[in-house]
Amino acid sequence: MKVEGTYTLPASRQKVWELLNDPKVLAKATPGIKQLDPLGGDTYKATIEVGVGPVKGTYAGQVSIADKVPLERMTLKVEGGGKPGTIRATGELRLEEQDGKTIVAYTGDAHITGLIASVGHRLIGGVTKQMVGEFFKALENELKS
Amino acid sequence: MVISHALGARIKRREDPRLITGRAIYVDDLNFAGMVHVAIVRSPHAHATIRSIDTTAARRAPGVVAVWTGEDVKARCGPLPVGPRIKEMKAPKRFPLVIDGVVRHVGDPVAAVVATTMDAARDASDLVEVDYEPLPSVQDPEAALEPGAPILHQDLGTNVCFRMTYGGGNVEEAFAGADVVVKTRIVQQRLIPAAMETRGVVAQYKGGELTVWTSTQIPHVVKTTLAETVRLPEHEIHVIAPEVGGGFGSKLDVYGEEGLVAALALALGRPVKWIESRRENFIATIHGRGQIDYVELAAHHDGTVAGLRVRAIADLGAYSQLLTPGVPTNTGLMCCGCYRIPNAHAEVIGVFTNRTPTDAYRGAGRPEATFLIERAMDLLAAELKMDPVEVRRKNFIPPAAFPYKTPTGAVYDSGNYERALDKALERADYRALRDEQAKLRKQGRYLGIGIATYVEITGLGAVAGLSGGNWESATVRVEPTGKVTVLTGTSPHGQGEETTFAQIVSDRLGVPVEDVVVLHGDTRAVPHGVGTFGSRTTPVGGSAVYVAAEKVKDKAVQIAAHLLEAAPADISTDGARFTVRGSPERSVEFKDVARMAYKAYKLPAGMEPGLDVTHFFVPKERVFPFGTHLCVVEVDPDTGEVTFRRYIAVDDCGNILNPLLVAGQIHGGIVQGLAQAIYEGVTYDDEGQLLTGTFAEYVVPQATDVPAFELDHTVTPSPHNPLGAKGVGEAGTIGATPAVVNAILDALAPFGVKDLQMPITPRRVWEALEGNSASR
Amino acid sequence: MIPDRFEYVAPSSVAEAVGLLQRYGAEAKVLAGGHSLIPLMKLRLASPRYLVDINRIRGLAQLQEDDGTLGVGALTRHADLETSELIRSRYPLLADAARVIADPLVRNMGTLAGSLAHADPAGDWGAAMLAVRAQVVATGPRRDRTIPIDEFFVDTFTTTLGPDEIVSEIRVPKPSPRSGGAYLKVERKVGDFAIAAVGTYVVLDEKGACRQVGIGLCNVGATSLRAKRAEETLRGRVPDEKAIADAARAASEECDPASDLRGPAEYKRDLVRVLIGRALRRAVQRAKGGA
Amino acid sequence: MGHRISVTINGTVHEAEVESRLLLVHFLREVLGLTGTHIGCDTTNCGACTVLLQGRAVKSCTVLAVQADGREVMTVEGLARNGQLHPVQEGFFEKHGLQCGFCTPGMMMSAYALLQQNPNPSEGEIRWGISGNLCRCTGYVNIVEAVKYAAEKMRATPAAAELERS
C-alpha cells in the first residue's frame, strides 16, 4: 500500500526539522502511538494503538528514524506486531522551504500482514491516507502551540 | 435416452431425505464425551524463519490441555505424502506442523492449541507468541525461476519441482512453413475451490483402534498414508468420510490436519476435533489452477493448423501436495484439444512459490488445456478473419479417426466433435445470433457470441502417489432375503452414487432400486478403494459395480438352474424370478435363490456359498468426453459489466445413467467455469498476503449472478467400459471458461480488444477500453 | 470464529440505553442490526467490552410520514424499507437503494440508522441520505440533537455522534412535487460493496429547470460524499444531456476514490461519471412522472 | 456472565444459561444439538446458517443467542411436520435442488421465507430471494426449479397442506 503527497507547514525548515526529531512530538503526532521509550540512537520502543471506529488493535513494536540528512530528509520507520497481524511502514520525508513555509513531500509504503490484510483490504488505502493527514495536522498544531 | 427400466431414468436421489431434513451428519456434527478442540496457529508471513515460539501463556490459559509445536510433531509424526513421482521431481517433505523452523506461505501451520472447548482453544491460540524473522519471498512463478530468486527449499537448491515435455511431429518445421502464427500469453489465475463445508477432522483412539472422521474424497488413501504419518499399523486405523459437503478436488488430498488430529488423539487419549474456519480454508486448503501459458499456434491461410507450441509454468505454491504435479502435466497431455494438430510440443514446468499449495481443482489441468487451445483457435480465426466455427470445423479430428493418438500422447477413445458443435449451433440459431449482433452494434450495443469445443480425459485413476493404479472396487452383496447391499470404494460428496449405483444394480439384477443400499466412505465397511475425483465415479466406480452385479447374476443363474434342475443356459430372468425357458411353471423367485445361496445345502457341486461378489475394475483405457458450449453475453462498454444472455451446453458423456444427476453436474460445473471467466480470482499482494481472504472479497457467484442453462447431449458411448459412460463431473467447468471469455472478446472485437486477463471483471473491461476513442 | 468476551445489556428505553453509554463510554457499542458490528467482533477486529442491545426498546421501528418528513426509526430494517408501499410509491431513491444493500438475509436485520452510525464509506445509505438531505436525530443525555447529514460523517467509521448518543431516528424530507430520485450501483456481484454507487435527487420547477439537486456518492472517498460541485453545476439548469454530462464530469472530478481490488481510482472516477449520468436521467424522468 | 434465555424453537420452548458471546448458530448446534443448521463462513456471506427469527430469514451466525431470548426460531428441523415433508423440501427432492447438501438447509429456509412473502415469485424474484445463500454445487438452476415447484404446490393446497401438517 503506497501513499504519497505533500503537506505545507507554516514554519521554517529548521523548526520543522526540530519537531520531527523530537520524540515527544513524534509520539504525539504519530496516530496511535501510546508510548515511546528510547532504545538508543534514533530507535524507540513503541506501543501503538490503531483504532478506526470499532476496529481496534494494539501493536508492540519499534519506531525509528533513519537516513537522516539534516534539514533535508529523513525516513520514518514503524514496525509492530499484534493479534490481527503485523504492520511495517516506512515513510520518506523531504523538506523544502518556500517563503518561510516548509513543504514536506512524503512517500510511504505500508505492509500489513494477517487478518487486516485479507479482511480490511478495501479500507486500508483510505485509512492510511487518513492517518498521514492526522500526522501532519498534529505537527501543525504543535507549531501553533 | 432410457437404456433400461433403471438406467437412463430420471430417478430422484436416495440420499436426499436425510439432507433436506437436517439429519445428515457432517464432521462438525459429531460430538463425543470428553472431546477436546484444536485451534491452529498459522504463519502471517509468506516466508520467514521462526526465531522462537513461546507457548507458556497459552498453556496456562483456561481449558487448555496441550499446545504442540513442530518439536512435538517431529517426535511423534512421520511425513505426509508429496505427490506422484515424476521423473527427476524434487519435492520437499511435509509434516502436520512446520518442523524445520521456516514458514513458506501465509497459513503454514506453526502450532496447535488443544482445549476443552472450541472457544477456549480459540482464545488461547491468541496467546502463542511466535517470533518471526521475515525472509524475502517470491510470489510470481516466473520470478521464482530467475537466478537469485529466494529459494523456498534450501535443500533442493532450486524452486523447480519438475520439468516435463510432451509432443511429437516436427514443430520447428511446421512453424517455419506456416502462413500465420498467433501467439498469446495466458494467465490462468489461481482459484479457491471453496466447498461449502470447510475441512474438518475428528479422531478417537479407543480399544486399540484409531478412528478418524474426515471430510475427504479419498478415505482409503487417507488410511494408508496415515499409517506412516502417525506410525500406527494400517489395520488399526479406521477412516470414515461421513457426509461430505463438497470437494471439487480440494478434499482429494491428505492434509497435515488429518495427521495432526490423529496424532493428538493418540497422545491425549481423548477424542479430538478440528474444524477449519473459512479463513483457514482460503489459506490452508489447496488452491486450483495457477498457470502461465505461452501459446503459439501455426496455421495455413485456409485455417488448417500446422503446429502448436506451449510453455506452461505452473505455480505450485509452497509444497507439493498429494497430486500437485499431476495437474499441470494434464495440461501438457491435453493441449491439442479436439484438433488434429500434427506437430505439437508442450513444456510444463512446476515451480514453488511462497503461496498456498495448488492441487487438483475441478478439471485439474484439463480446463487449462482447453482454455489455451480454445483461445488460440479464436485468435487464429480473428487473424484469418474466419468464423470461429469454421476454424474449428476445419481442424476437428474426424469420427473415423478414433481411436486417435495425439502428438502429446493421449489416445482418444471415441468422439464426434462436429455433431456436438452442430447441435449447439442449431439450438442457438447461430446465424440469427450473428445477425442480431450486427444489428445491435449499429445501436452501440455489444453482443458477444463465444464458442468452446472441448475434449477432456476422465476415469483417471490413482497415479503413483495414491495407493494404486487406475481402478475401483465394488462389492455387490445380495442379502439372504434378496435385498442388496453395495459397497463402493468411491467416496461421494454430492455426486449421488447412492442413487446411480443402485440403478446399475437394479438394471443388472432386476431388483427394484429401493431394494438396493449403497455404502461408501467407511474403510472398515468397504473393501479398499480409491475415491471420487476426476469424473471417474461412473466410468470406473460404476463399472466396478456393473461387473460385480454381472458376476452375482451369473452365480444366481447357476443356483437357479441347479434348483430347477435345468442348464444355466436355459434360464431366463426378469430379475424377480428365474424361469426355465419354455416351461413357465418351472421357476424360482430371486429372493429364494438368495436364501438358498446362504442355506447352501443345495448348491451346484463345488460352488461356494453366498451371493456376494467383490470386483476390482480396471478400465482398458482412459475415456474422453467432449462437447460444445456456446455463450452469449452483452457487455456494457461504459461500466464494463457483462450480462449473460444465453448459455447452451451440448455435452457428450457417453451413455447417461440418470439425466437428472447429469444435468446437475453440468449446471454446477458451468457456474464454476464461468466464475473463473468473470468473477473468481485469487489476489496476493507482492509480499504474499492473500487479499481475497473472505467470501466478501473472493467473488463466488450467487443465484442472481448466473443465467439458466440450455442443456443438450450427443451420445457417443465409450468402448472402454461396460456402461459406455464417460464421466461428467468436470465437463461443465472445462467448457464454460473459454466459452465465456471468447464471448466477451467477441463482444469487444469492434474495439480492437484481443485478449483480457481473467477474471474479466468490470474494471478489466474498462481498462481494456480506456484510451480507446470508440468507447468514449 | 467466536467473539472476545463482552457484557451484554438490553435496555428497555432509549433513556436507559443512553445511561449505559454514559457509564461505559468508549468501551461500549450499540447493537442494532449488528450486521456490521458482529462480523467484526467474530474476527476480533472489534472487541467492545459492553454491547448495548437496543432491539428490546419499543417504538423505534417506525416508518411513517408526518410534519413534512419521513421518519425512519433506529430499528427500521433495510427490508422494511425495501418492501414498504410508501417507500416504493413516494421515495424511489430509497426504494432503489434498499434493494441493493448486501443480501436479503442481511437486509432483514440491518438498519438504516445503524448503517449511518457505522459510517462505512461503502455503505449505500450514506450516499442516499446525502442526496435527499436527511437529518440524523441523536439522543443523548441532554436534548435530542438534529444533525444535518452533511455534518454527520467525519471519516471512515467516524461520525459526529457522541460516545453517549444513539441515532434514534432518521428524518427524510417529504418529496416535493415534480421531484424524482434514483440510486445506481455497480458491484462485482449482487450483495457486494459497491465499486461505486450514486444517489441522485432532483426537484424541477414549472419550467423544467432543476430547482433542487442532491447527489450522493458511495465508496469513492473516505466517507460517503456529497458531490457539491456537480449539484451546483446542475442547479437552475434544464437537465438536458449537456447539463447532465457537465454534472457527471464534475462529480467524477470531485470524488476521491482509492485504488483497490475493485479497481483503480481512475476507473471508479469514470464509473461515477457514467452512473451520475444514468441516475440523473432516471431521476429527471421520474420527476416528470415516469417510472 | 451468564444469561438465562428462553427460546421457542420449532414450537418447543428451550431454556438455557448462555454466555453473552454465544452465537445463535452455536446455541442451536452445540447446546441444543440441532445440527441441521450449518456454518459455512465467518464473515456473514454464505447463508448456510439461515434460520427464521420471528418469521424473518436471518444468518444465525450474526445473531447472538441472547438476542433470541423470548423469540421464535424455526430451523430446517422444523420444516417437516408429522413426518411429512414441507413443499419446499419436496421441491428440492423432486427437482434435484441439492448435491452435497451443505447449503441446503439454509437455502430452504430462505426459500420458505420468500414464499411466505411472495407466493408466486418469478424466476428473477426467486434468484433475488435466495441471493444471500451460496451454493457451490448446483449452479442454482435446480434450486430455482425447486422453489417454483414448492410455490405451485403451496398455492394449490395452501390451507389444507398446512392443516394436515400441523
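**Strand pairing and a chain contact in a predicted model**

Guide: In this predicted model, Val136(C) stands opposite Ile170(C) in strand E10 of chain C.

Visitor: In what sense do E6(C) and E10(C) pair, and over how many bridges?

Guide: E6(C) pairs with E10(C), residues 166-173, in the antiparallel sense over 5 bridges.

Visitor: Which residue is the bridge partner of Val137(C) in E7(C)?

Guide: That partner is Thr146(C). E6(C) and E7(C), residues 145-148, also pair in the antiparallel sense, over 4 bridges, and they form a hairpin with 5 residues between them.

Visitor: Turning to chain D, which residue takes a positive phi in the hairpin of E3(D) and E4(D)?

Guide: Gln54(D) does, with phi near 50°, in a hairpin that has 2 residues between the strands. E3(D), residues 50-53, and E4(D), residues 56-59, pair in the antiparallel sense over 4 bridges, and Leu53(D) stands opposite Arg56(D).

Visitor: How many residues of chain D are in contact with chain B?

Guide: 41 residues of chain D are in contact with 40 residues of chain B. Helices H2 (87-94), H3 (104-117), H4 (123-129) and H5 (141-156) of chain D each supply at least two residues of that side of chain D.

Visitor: How do the residues of that side divide into nonpolar, polar and charged?

Guide: The side of chain D that touches chain B has 21 nonpolar, 15 polar and 5 charged residues.

Note on methods. Residues are numbered from 1 along each chain as its sequence is written. Chains are lettered from A and ligands numbered from 1 in the order in which they are written. This is a predicted model: local features need pLDDT of at least 70, side-chain atom pairs count only at pLDDT 80 or more; totals for chains, interfaces and linings use all residues. Two residues are in contact if their C-beta atoms, placed from the backbone, lie within 7 Å. Ala, Val, Leu, Ile, Met, Phe, Trp, Tyr, Cys and Pro count as nonpolar, Asp, Glu, Lys and Arg as charged, and the others, Gly among them, as polar. Two strands pair if DSSP finds at least two bridges between them.
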